Amino acid sequence: MELADRAVGFLLTFLSLSIFTYYTFWVIILPFVDGDHFVHKYFLPQEYAILIPVSAGVAILCFLCIFIGLVMLKSKKKRA
Amino acid sequence: MLEIKKIREIRTRPRSQQLQLLASIGFVLLQPVIVIHVPRPPPSLLPFLPLHPANLTSHHQSTTIRSLAASPATSLSCFIASASSIQIGTAAAWIVSIGGVGLRYRMDGQNKNQENKYSIIVPTYNERLNIGLIVYLIFKHLKDVDFEVIVVDDGSPDGTQDTVIQLQKVYGEDRILLRPRPKKLGLGTAYIHGMKHASGNFVVIMDADLSHHPKYLPRFISKQMETRADIVTGTRYVKGGGVHGWNLMRKLTSRGANVLAQTFLWPGVSDLTGSFRLYRKSVLEDIISSCVSKGYVFQMEMIVRASRKGYHIEEVPITFVDRVFGSSKLGGSEIVEYLKGLAYLLVTT
C-alpha cells in the first residue's frame with residue numbers, strides 16, 4: 001500500500017522535473033541556438049511556449065470557479 | 001527596493017507589502033524573458049525596461065530573434081548581474097539576521113524544569129472510550145514534569161464527564177480538571193474556556209481522539225527549553241513526521257492545501273492545519289483575542305497571526321494517526337470552506 005503511494009510520488013516528481021527542464025530549455029536556451037540546428041526539430045514553434053501555459057491556467061481557473069459555484073449552489077439547496 | 005531590514009522581517013510584514021516586494025524583484029528578474037520574447041517593445045514602454053538592450057545601446061534593432069541573440073552576452077550579463085545582486089543582497093540580509101538573532105533571546109530564567117508548569121487542554125466531545133487512554137499515556141510520558149490536564153467537555157451525551165470524574169478519583173483533582181460546558185460551542189471558545197482555568201505558564205493543546213500521541217510531549221518540552229521558543233508546533237511534513245491511515249487522495253489533498261497556504265501566506269511553518277501545539281500562555285492569550293474564524297481555518301489563522309506578530313516558532317516532527325473509528329470525509333464543501341478561509345487570511349493578515 002505504502003509502496004504504491006511512493007511509486008506515484010516518484011512518478012509525479014519525475015514528470016514535473018522533465019516538464020520543467022523541457023520548458024527551461026525551450027524558453028531560455030533555444031533562442032540562442034542557430035535556426036538551422038537539428039535541435040529545433042524536437043521543440044514546438046516558439047508561440048506555443050506562451051500559449052500552452054496560458055491556456056492551461058485559464059482552464060484551471062474556469063474549472064475552479066465552476067467547482068466552487070456548484071458546491072455553493074448545492075449547499076444553498078441543502079439548507080433551503 | 002532592497003532595504004535589508006525589510007527582507008529580514010519580511011515574514012512579519014502584512015501581505016500587501018510582501019507582494020509588493022515580490023513583484024518588484026520579479027520584475028527585475030523577468031527582464032531577460034521580456035527581452036527575448038518581445039524583440040521590439042513599443043517606445044512608450046522602453047523607459048520601464050531599464051535592462052533592455054534597446055535602452056542600453058543607442059542604435060536601432062532589427063526584429064529577428066537572431067540579431068537579438070547576436071548579443072547574448074548583453075542579455076546574459078544583465079540577467080546574471082540582476083540575479084546575482086539580488087541573491088547577494090538576500091544572502092547578506094539573512095546572514096545578518098541569523099547573527100542578530102542571538103540578541104533576540106531574552107535572558108530570563110524561565111527555563112529551568114522546576115519552574116515551568118504545563119496545562120494540557122483537551123477539548124472533548126463523545127470521547128468516553130479514548131479519554132482514559134489519553135490520560136494514562138500523558139501520565140506515563142510526563143513523569144518528571146509539573147502539569148495539569150484540563151478536559152473541556154461540550155456536553156457529551158455518552159458519559160465522558162462521568163469517566164473523567166472517575167479518573168479524577170484515581171489521579172487527583174489537582175492534576176485533572178474537568179471544566180464542562182452546556183453544549184457544543186466551538187474549538188476556539190473551548191481553548192479560551194480552558195485557558196481561564198489554566199494555572200501553568202505553558203499551554204499544550206491536543207486532540208482527544210488519539211490522533212495526537214502524548215509520547216511527543218517530552219520532545220515538545222525539550223525543544224522549547226533548548227530554543228526558548230514562544231510556540232512549538234507538531235508538523236507532519238518534515239522528515240520524521242507523517243500521517244498514518246490516509247489513502248493517497250487524502251494525502252495529496254492535504255499536501256496540496258499546505259502548498260497553497262505556503263504560497264499565499266508565507267507563514268514560516270511547514271504544517272499549517274495541525275493542532276498539536278505548545279504555546280506560552282501569554283502568547284496564546286494575545287493571539288486568540290485577535291482571531292475570528294472557526295474550524296481548522298482557526299488553527300491556520302492562529303499560526304499565521306503568530307508569525308506576523310514576530311513570535312519565535314519551532315517545529316517538531318510528529319506522526320498523525322487517523323482515527324480508527326468513524327472516518328472524517330473530505331467533501332467539496334470542506335474544500336470551499338478552506339479556500340474561503342485562505343482568501344480571508346490573505347487579505348487580512
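The paragraphs below lead through a helix pair in chain A, a sheet in chain B, and the aromatic pairs of a predicted model.

In chain A, the description can begin with helix H1 (residues 2-29) and helix H2 (residues 48-79), whose axes come within 11 Å and cross at roughly 135 degrees. An angle over 145 degrees would count as roughly antiparallel and one of 65 to 115 as roughly perpendicular, and H1(A) and H2(A) are therefore oblique to each other. On the side of H1(A), the contact involves Tyr23(A), Trp26(A) and Val27(A), which meet Tyr48(A), Ala49(A) and Pro53(A) in H2(A). The residues of this contact divide into 6 nonpolar, no polar and no charged.

Tyr23(A) and Trp26(A) lie 3 residues apart in helix H1 of chain A, about one turn of the helix. With 11 aromatic pairs counted over all chains, theirs is edge-to-face, at 6.1 Å centre to centre and with 85 degrees between the planes. Tyr23(A) counts as partly exposed at 31% relative accessibility, whereas Trp26(A), at 4%, counts as buried. Both belong to one aromatic cluster that is formed by Tyr22(A), Tyr23(A), Phe25(A), Trp26(A) and Phe43(A).

Chain B contains an open sheet of 7 strands in the order S3-S2-S1-S4-S7-S5-S8, with mixed pairing. Strand S3 (176-178) and strand S8 (313-317) of chain B stand at the edges with a single partner strand each, so one side of each is left without a neighbour in the sheet. From one strand to the next, the twist averages 20 degrees. Within this sheet, strand S5 (residues 231-235) of chain B and strand S7 (residues 277-280) of chain B run antiparallel and are joined by 3 bridges, and Val232(B) stands opposite Leu278(B) in S7(B).

Two helices of chain B pack on the sheet. Helix H12 (residues 281-288) of chain B touches strand S4 (202-205), S5 and S7 of chain B, and its direction makes about 95 degrees with that of S7(B). Helix H13 (residues 296-308) of chain B touches S4, S5, S7 and S8 of chain B, with a direction at about 45 degrees to that of S7(B).

An aromatic pair also links strands of chain B. The ring centres of Tyr118(B) and Phe202(B) are 5.3 Å apart and the planes stand at 20 degrees, so the pair is stacked. Because Tyr118(B) lies in strand S1 (residues 117-124) of chain B and Phe202(B) in strand S4 of chain B, the pair ties together parts that are 84 residues apart in sequence. Tyr118(B) is buried, with a relative accessible area of 1%, and Phe202(B) is buried with a relative accessible area of 0%.

Notes: Residues are numbered from 1 along each chain as its sequence is written. Chains are lettered from A and ligands numbered from 1 in the order in which they are written. This is a predicted model: local features need pLDDT of at least 70, side-chain atom pairs count only at pLDDT 80 or more; totals for chains, interfaces and linings use all residues. Side-chain values use heavy atoms; hydrogens and water are left out. Axes are lines fitted to C-alpha atoms, for helices over the stretch in contact, and angles run from 0 to 180 degrees between N-to-C directions. Helices (H or I, at least four residues) and strands (E, at least two) are DSSP runs, numbered from the N terminus. Angles under 35 degrees count as roughly parallel, over 145 as roughly antiparallel, 65 to 115 as roughly perpendicular and the rest as oblique. Contact means heavy atoms within 4.5 Å. Ala, Val, Leu, Ile, Met, Phe, Trp, Tyr, Cys and Pro count as nonpolar, Asp, Glu, Lys and Arg as charged, and the others, Gly among them, as polar. Two strands pair if DSSP finds at least two bridges between them. Rings of Phe, Tyr and Trp (its six-membered ring) pair if their centres lie within 6.5 Å; planes under 30 degrees apart count as stacked, over 60 as edge-to-face and the rest as tilted. Buried means under 20% relative accessible area, exposed over 50%, partly exposed in between (1.4 Å probe, protein chains only).
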